[in-house]
Amino acid sequence: MKSIELQPIGIIHTPFSDPKGMPIQPAGGVGVKATIEVFPEFREGLADLDGFSHIALLYFFHRSEGYELRVVPFMDTVQRGLFATRAPKRPNAIGLSVVQLDRIEDGVLHVQNIDIVDGTPLLDIKPYVPEFDSQPNIRTGWLETVRKTVSDRRSDERFES
């Protein structure tokens, strides 16, 4: 299979200059504000996005190098399969966060509830639609007993290069 090349559509600006100590999911970044600069050639695509309260951001973990197929995730002390976690070191270093969209001004999205390091390249934006994205009868595997503690968790050095 041939490789895939992606082009960033913008840059995410957050108060987190260092991954260590930052929230590990948007639920841990409640109230933390950030801006997303969409590059001029992509701004026309922002039309009608301001009608949505939440958006899904797809981004590149630009500070992540390498990966292991078994990791000890931030929310656990037990080694898990990489694809059963949201660890940032992945074969394709793509991140996903659903954040609150406050407003859009001149191609800049003002968001909150952010868990992304400053300077992260933005790959795509999608509107969050509960009827599309929220599923009934969810199982959360090994996270079942710890998922409610996510707002208290912070990243550490375990996934730094």
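Predicted model: local features only at pLDDT ≥ 70, side-chain atom pairs only at ≥ 80, totals over all residues.
Residues are numbered from 1 along each chain as its sequence is written, and side-chain values use heavy atoms, with hydrogens and water left out.

On the aromatic side, a search of the whole structure turns up 1 pair (rings of Phe, Tyr and Trp, the last by its six-membered ring, with centres within 6.5 Å; planes under 30 degrees apart are stacked, over 60 edge-to-face, the rest tilted). The partners are tyrosine 59 and phenylalanine 61, sitting edge-to-face at 5.5 Å centre to centre with 85 degrees between the planes. Both tyrosine 59 and phenylalanine 61 are buried (under 20% relative accessible area; exposed is over 50% and partly exposed in between, using a 1.4 Å probe and protein chains only).

As for charges, there are 3 salt bridges (a side-chain nitrogen of Lys or Arg within 4 Å of a carboxyl oxygen of Asp or Glu). One links arginine 80 to aspartate 76 at 2.7 Å, N to O. Here arginine 80 is partly exposed at 24% relative accessible area, whereas aspartate 76 is buried at 16%.

Another joins arginine 103 and glutamate 105, with 3.1 Å between the closest N and O atoms. Arginine 103 is partly exposed at 40%, and glutamate 105 is partly exposed at 39%. Then there is aspartate 124 with lysine 126, at 3.3 Å from N to O; aspartate 124 comes out partly exposed at 28%, and lysine 126 partly exposed at 42%.
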